[in-house]
Amino acid sequence: IVRSPKVFLLDEPLSNLDAKLRAQMRTEIAKIHKKLGTTFIYVTHDQTEAMTMGDRIVCMKDGFVQQIDTPQNLYENPVNKFVAGFLGSPQMNFIDAELKEEYGQYIVEFGATNGRGNRYQIIVPESKVNEDLGAYVGKEIILGVRPESIHDEEMYLSNASTGVIDANVEITEMMGAETYLYLLCEGIPLTARVSPRSTARPGDDIKVAIDPNRIHIFDKETEKAIVN
């Protein structure tokens, strides 16, 4: 800082700190960055650090740049499955599914392994339909759903016209301001981030609603994003 460099290079500076001190140091580094007005290049494997501290994030895999964008755009509009899974904690749920078209609507269908169990459907909202989607009708795709887009509240369940599924609660984690539900639906593991007032307990069979307006769809072979 004394030498007034044009660029600061920080290589995982907080990796050896405990959780509380790491959170404090994130704030301190952000204050220094704002005060100096100098470019910081910050390397981290911690997505929380990247999301909270970065103005722009370069997301890399195996030495290759996957996407460069603002934290919000990376989170909401990932270019591929890797970026989608890297940003966000707990990470995005990925479900093997099939895309169908019925009565002019695109439908994502999943569940029922080996012909047993239930088939669940999510109607793709008009706002998410694009010119690429038609080429995937009848093909296998990957459905991406973030934990906060899975709801167990009665308000969501009663108003949901699509995307309501049955699940068994395996584990619950009370985080204070929120609760994580680790679910199993037709053999598919799912994580939901719900209200701390949730009454779900391990062993319960419950219904949850997937918000169709927040789904992502990826090409099964290339893992590139088709719909965000």
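**Val 108 and its surroundings**

Reply: Leaving out residues up to four places away in sequence, Val 108 touches Ala 97, Glu 98, Leu 99, Tyr 120, Gln 121, Ile 122, Val 124, Ile 141, Leu 143 and Ile 217; contact here means heavy atoms within 4.5 Å. The model is predicted, so local features need pLDDT of at least 70 and side-chain atom pairs count only at pLDDT 80 or more, while totals for chains, interfaces and linings use all residues. Residues are numbered from 1 along each chain as its sequence is written, and side-chain values use heavy atoms, with hydrogens and water left out.

Val 108 belongs to the largest nonpolar core, which has 33 residues. A nonpolar core is a set of buried Ala, Val, Leu, Ile, Met, Phe, Trp, Tyr and Cys residues joined through side-chain atoms within 4.5 Å; buried means under 20% relative accessible area, exposed over 50%, and partly exposed in between, with a 1.4 Å probe and protein chains only. Val 108, Phe 110, Leu 143, Leu 183 and Ile 217 touch the most other members. Strand S12, residues 188-194, gives the most to this core, with four residues; strands are DSSP runs of E, at least two residues, numbered from the N terminus. A second, separate core has seven residues, including Ile 57, Leu 74, Tyr 75 and Val 83.

Ile 217 and Ile 141, both touched by Val 108, are also in contact with Ile 226. Ile 226 lies in strand S15, residues 225-227, and counts as buried because its relative accessibility is 9%.
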